[in-house]
Amino acid sequence: MSGDSAHATPGGGGGRRRRVDVTFSPPTPNGDLHLGHLAGPVLGSDVCARAQKIQGHDVAFGTSTDDNQTYVVTTARRLGTEPEALIRQAFDAVTKTLALAGVEVDLFERPDAEYTAFVEGFFTHLWRHGAFDRREVELPYDEESGTYLAEAFVTGRCPTCLAHARAGVCEACGLYNLPGALLAVGEGALPTRKVSIWVLDLERHRPLLTHWYRSSDIRLRPDLENVVTRSLAAPLPYIPVTYPGTWGIAVDWDGPDAPPQAVNAWPEIYVGHLYWLRRARDNRRENIDELVQFIGIDNGFYNAFVYVALSLLAARHGLPVELPATRTLTNQYYLLEGRKFSTSKGDVRWAGEFLEAYGRDRTRFVLSLTSPELQQSEFSEPVADSTLAARFDTPLATIAATLTAALAGHRADHEPSAWWTTALTASRRRFEQAYHAQTFSVRKAAEALALHLEVLALRCADLDTQDPAETSGALRFLWTLHTLAWPLTPDLAEQVAAAFGAPLATGVPPLLADLDRLPPAPFAGLTAPLPPAPRDTRTP
């Protein structure tokens with residue numbers, strides 16, 4: 001998804017204090033977060049929100065659970081429970097996991113009556129202004145239950161790439177397919193029946209969409225750019241705004257005697273972002289400079305077309321929405337033994353269990369370093385163990401032991417040597433490039449941290465403790481981590497700050513602008529945290 005050029009000044013590099021909203025795709029409450037969620041949108045959004053804060057920006061970070069997704073119903077059936085019980089259980093589990101991971105959302109809640117009224121009012125306003133079209137479509141129909149089936153209830157083969165898919169966006173190619181367009185295979189094929197629904201005809205609104213992209217100076221990540229390019233090269237599809245049924249937010253646009261219809265949960269997500277981010281700012285009407293949203297590529301089509309169209313139509317028809325510069329950062333899939341992590345299919349490694357076994361910073365570091373930002377990546381626990389040992393645990397232990405023994409009680413008040421000055425400039429540049437909104441990358445941030453630790457550990461081995469320029473340089477190099485490491489490994493940042501007598505105040509992030517200030521007290525020593533005892537975190 002892109003932004004209007006009039007609002008598209010990239011965030012991150014100096015200048016005035018900017019208002020930045022950060023969000024990630026609301027998790028479907030059909031289970032806890034798994035490592036695919038955490039390594040993708042969830043951790044990326046938290047690191048980004050923190051990175052914007054250390055640059056001095058005013059940040060709101062919030063989302064909710066996605067209670068109205070049909071995956072809630074299908075998973076509840078599979079588990080033999082009621083959807084509401086599953087939602088409550090999942091919400092509690094996800095809330096706990098976010099806390100364990102140090103994901104500092106300003107707001108993470110469940111949809112409530114106020115939210116439901118807001119969403120219903122938004123879509124009804126656009127419907128009254130003619131933004132949607134009534135269309136008769138073929139939907140799979142279950143004769144036994146007398147219900148039309150859509151989204152998670154329908155499986156088949158994608159008519160574009162032939163991968164196994166559920167109705168909606170194909171997770172393999174990222175393109176959209178209607179429920180009746182899937183190629184039925186096996187015994188699960190159902191007959192179709194015509195039914196009238198309300199749709200968002202994207203082709204009718206093509207001029208709005210093409211102008212949005214042509215006027216934007218925000219670059220898309222390659223996978224999302226491919227979705228946009230391929231979609232614009234053909235007639236754009238129409239997207240159901242309502243489905244026949246009762247699961248979700250009900251609307252009565254066809255009159256009280258017509259069969260019930262509910263808002264499609266996928267378009268609803270855009271309106272949810274509006275609602276929850278306003279709530280995160282205490283409903284203050286503020287001009288937002290930039291919206292940064294983190295999504296898996298399977299949500300790419302909706303973000304790139306449906307959400308853009310809804311935002312532009314809302315502004316055209318007088319709804320109080322803003323059109324900030326919008327930066328959508330996609331990720332590809334994290335694979336588990338060659339398969340995409342999937343709660344609904346049972347292919348998971350639960351994030352909460354992994355965090356309890358590995359610790360917060362170690363989990364954040366290794367998942368960031370292997371994040372599927374631009375291409376699929378494979379999760380392997382042995383590889384995670386060896387990566388942590390080589391690039392985090394061992395160098396950190398060396399730094400703590402060596403510097404504590406040699407430099408405890410020393411101040412970093414001498415001018416660093418030329419070697420350390422060059423190293424400080426190089427490392428800071430790497431971190432800042434990873435943290436700026438227009439070049440943001442959790443993988444690059446983790447690589448910057450790994451190299452920072454590696455260089456410091458190697459230099460410690462032959463540090464001249466009689467040379468004040470050398471000792472001061474080493475201490476300043478360590479000191480910078482109280483700021484540079486805070487978005488990625490907040491516990492390490494706090495330990496470094498405390499080692500120099502500057503514990504972080506709750507809710508007050510360190511600032512890049514203050515990074516050149518000398519540590520307030522002599523170095524008191526650093527204790528490297530012991531890695532948690534390894535245990536099997538595989539779900540039986």
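1. Let's start with glutamate 84: its relative accessibility is 35%, so this residue counts as partly exposed (buried means under 20% relative accessible area, exposed over 50%, and partly exposed in between, with a 1.4 Å probe and protein chains only). Keep in mind that this is a predicted model, where local features need pLDDT of at least 70, side-chain atom pairs count only at pLDDT 80 or more, and totals for chains, interfaces and linings use all residues. Also, residues are numbered from 1 along each chain as its sequence is written, and side-chain values use heavy atoms, with hydrogens and water left out.

2. Who does glutamate 84 meet? Its side chain makes a salt bridge with that of arginine 110, at 2.9 Å from N to O (a salt bridge is a side-chain nitrogen of Lys or Arg within 4 Å of a carboxyl oxygen of Asp or Glu). Glutamate 84 sits in helix α3 (residues 83–101) and arginine 110 in the loop between β3 and α4 (113–128), so the pair ties together parts 26 residues apart in sequence. Helices (H or I, at least four residues) and strands (E, at least two) are DSSP runs, numbered from the N terminus. Arginine 110 is partly exposed too, with a relative accessible area of 23%.

3. Now look at glutamate 381 and arginine 349, whose closest N and O atoms are 2.7 Å apart in another salt bridge. Glutamate 381 belongs to helix α11 (residues 381–407) and arginine 349 to the loop between β18 (339–340) and α9 (351–358), so this pair ties together parts 32 residues apart in sequence. Are these two buried or exposed? Glutamate 381 and arginine 349 are both buried.

4. Arginine 362 is in helix α10 (residues 360–369), and the two partners are 31 residues apart. Aspartate 393 is buried at 16% relative accessibility, and arginine 362 is buried at 12%.

5. There's a network as well: salt bridges with shared partners join Arg19, Asp21, Asp58 and Arg281. How many salt bridges are there by this rule? The count comes to 29.

6. Finally, the sheet. Five strands form an open, parallel sheet in the order β3-β2-β1-β15-β16 (two strands pair if DSSP finds at least two bridges between them). The edge strands, each pairing on one side only, are β3 (107–109) and β16 (325–331). Three bridges join β2 (residues 58–64) to β3, and serine 64 has glutamate 109 in β3 as its bridge partner.
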